[in-house]
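Some labels need their cut-offs beside them.

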Amino acid sequence: MLILTRKIGESLLIGDHIRVAVLEIRGKQVRLGIDAPPDIVVMREELSQRLRQENTQAAGVKPHDLLTVVSLWKKEKEEEEEEDNDDF
Amino acid sequence: MTSDSRRSHPESAPRCLTYPFLGRISVRKEQIITFTPGLQGLGRFHRYVLIERPQEAPFLWLLSVAKPDLALAVMEPARLVADYQVQVSDALLKDLAARTPADLKVLVILTIPAGRPQEATANLLAPLLINLAAGRGKQVVLESQAYSQAHPLFPRLAGKEG
């Protein structure tokens, strides 16, 4: 891993189009500003892992399971409406 | 092809795509939504179509154009959380070739565990923003910690699992 030391207000370049600036240091936290082209994903690492996992799981949807979700959804909405009516 | 030239040829010839579970679907070029970057975890597939059919309402399909078995079930988040809000920056609007946030359709992806549809969840943390007119989309991660990546669709049913 390349290790660099930077001060507040200084930045570094990754390739020609990505710039990372150190904006603020508060105790153990560092605030970074990142300029990158729109096709580059910039994300907290732990969020990226969660998102990958969630998207991958979501892509395995089975059509008959979606149809069951549709009927459960309709049933829930009907029950909610009945409960609303009971309030009168 | 630019979005302008796409708009000026609304009658482009439809192409038929065959999906293993939806059958043949005819797709016109201007229906294709390109996600830049692609959806995290779903590799190099960037082009999708949004299919709305009465039998699945209020849910929709987001189908990969290149990989017929890559399908996502999506829905409008406002149906789950009435006051759902996404902050859209000017840079994001520009990326999606939109003038105002109102040009964007907001959808969230469902995760439906196989055989356990009562445990279905919606990813409210990372919605899809889509400019249908320009055929551009992006999955964004909200900075707000208020929304879950796995918001239960049926909290009462999922609770019964115990």
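Buried means under 20% relative accessible area, exposed over 50%, and partly exposed in between (1.4 Å probe, protein chains only). This is a predicted model: local features need pLDDT of at least 70, side-chain atom pairs count only at pLDDT 80 or more, and totals for chains, interfaces and linings use all residues. Residues are numbered from 1 along each chain as its sequence is written, and side-chain values use heavy atoms, without hydrogens and water.

Q: Why is A:Ile8 called exposed?
A: Its relative accessibility is 52%. The cut-off for exposed is over 50%, so A:Ile8 counts as exposed. A:Ile8 lies in the segment before strand 1 (11-14) of chain A.

Q: What makes B:Arg156 and A:Glu76 a salt bridge?
A: A salt bridge needs a side-chain nitrogen of Lys or Arg within 4 Å of a carboxyl oxygen of Asp or Glu. Here the N to O distance is 3.8 Å. Three salt bridges are counted between chain B and chain A.

Q: What is the nearest side chain of opposite charge to A:Asp65, and how far away is it?
A: It is A:Lys62, 6.7 Å away. Lys and Arg count as positive, Asp and Glu as negative; His and the chain ends are not counted. A:Asp65 is buried and has no salt bridge.

Q: Which residues is A:Asp65 in contact with, leaving aside its neighbours within four places in sequence?
A: Contact means heavy atoms within 4.5 Å. The partners are B:Ile112, B:Pro113, B:Ala114, B:Gly115 and B:Pro117.

How values were computed
Chains are lettered from A and ligands numbered from 1 in the order in which they are written. Helices (H or I, at least four residues) and strands (E, at least two) are DSSP runs, numbered from the N terminus.
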